[in-house]
Amino acid sequence: MTRPTGPWLLSGRNGATGVPRPPDDPGCPLPAAVLFDRDGTLVADVPCNGDPSRVALMPGAREAVDAVRAAGIPVGVVTNQSGVARGLLTPRQVEDVRLRVEELLGPFAVWAVCPHGPGEGCGCRKPAPGLVLAACRRLGVPPGRTVVIGDIGADVEAARAAGARAVLVPTPATRPEEVTAADATAADLTEAVRLALGSAPVAAPTGEPRRDPGAATGEWRSSPAGPDGEPRPHRAAPAAVPRGHPAPSTGEPR
């Protein structure tokens, strides 16, 4: 059996070079990079979506990404797209959706995409660390000064395995044990970025209700390592889909 190749590394429209970032000083309180999961974190989770017209931002996504950029920190995306391996997505469709996300959120310094299926044994499919490590290499930043923001345990485990920090933003699809095992949780993307930036001010999104703070603590805390092995099939969260967009079907892995 041929071992899968590594992840796809795609640069935003402005490329990965020339992006300002904090000094390479281990004592600097700011992260050197912030990497976001795509589906369920930045945009509503529509399983195997290849249609740019179905891309809908999650609440606070634009404000959160802009706050990181305003701090002079490069932002990237790390995303599993197993629909490619299963013949449900073409590379062109993945690219079309990526361009639509950048239309809505502005350019990202790097995109690290895993096109492999759960059983292919690659090193990049989250919860493996390959996407995070590849994005950090492309940006020229140390994983130890990188923060990953995502909505399920696989995002947290990938960050932990790479030596990066993670902030979990739970949705109705997030398992309770994933919240318990997370190093840090946030009620929404605004709070997640505030944690990533070390409590720097972040403008709250206008007119958007915050998620129930009881579902997340918003505090850094130590926790036991997450389970090994393949992530569960991700259940899309209808409650997280912005108003006016159809709820995605459930039961599809990313």
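These legends go with close-up views of a predicted model.

**View 1. The largest nonpolar core and its neighbour.** The largest nonpolar core counts 34 residues, and Phe36, Leu42, Val101, Phe108, Ile149, Val167 and Val193 have the most contacts inside it. Two or more residues each come from strand 2 (33-36), helix 1 (61-70), strand 3 (75-80), helix 2 (91-105), strand 4 (110-114), strand 5 (146-150) and helix 6 (189-196). Apart from this core sits another one of 26 residues, including Ala112, Ala135, Ala166 and Ala182. In soluble globular proteins, nonpolar side chains tend to be buried together.

**View 2. Strand 3, wrapped up on both faces.** Six of the six residues here are buried, so strand 3 is largely enclosed by the rest of the structure. Val75, Val77 and Thr79 point one way, while Gly76, Val78 and Asn80 point the other.

**View 3. The partners of strand 3.** Strand 2 runs parallel to strand 3, joined to it by three bridges; Val34 has Val75 as its bridge partner. Strand 4 also pairs with strand 3 in the parallel sense, over five bridges, and here Thr79 stands opposite Val113. Strand 2, helix 1 and strand 3 form a right-handed β-α-β unit, and so do strand 3, helix 2 and strand 4.

**View 4. Helix 4, tucked inside.** Eight of the ten residues of helix 4 (residues 153-162) are buried, so the rest of the structure largely encloses it. The buried set is Gly153, Ala154, Asp155, Val156, Glu157, Ala158, Ala159 and Ala162. These residues pack against helix 3 (130-139), strand 5, strand 6 (165-168) and helix 5 (176-181).

Note on methods:
Residues numbered from 1 in each chain as written. Predicted model: local features only at pLDDT ≥ 70, side-chain atom pairs only at ≥ 80, totals over all residues. Heavy atoms only, no water. Core = buried A, V, L, I, M, F, W, Y, C linked by side-chain atoms within 4.5 Å. Buried < 20%, exposed > 50% of the residue type's maximum accessible area, 1.4 Å probe, protein only. Helix = DSSP H or I, 4+ residues; strand = E, 2+ residues; numbered from the N terminus. Contact = heavy atoms within 4.5 Å. Pairing = 2+ DSSP bridges. Right-handed = clockwise from strand over helix to strand, strands pointing away.
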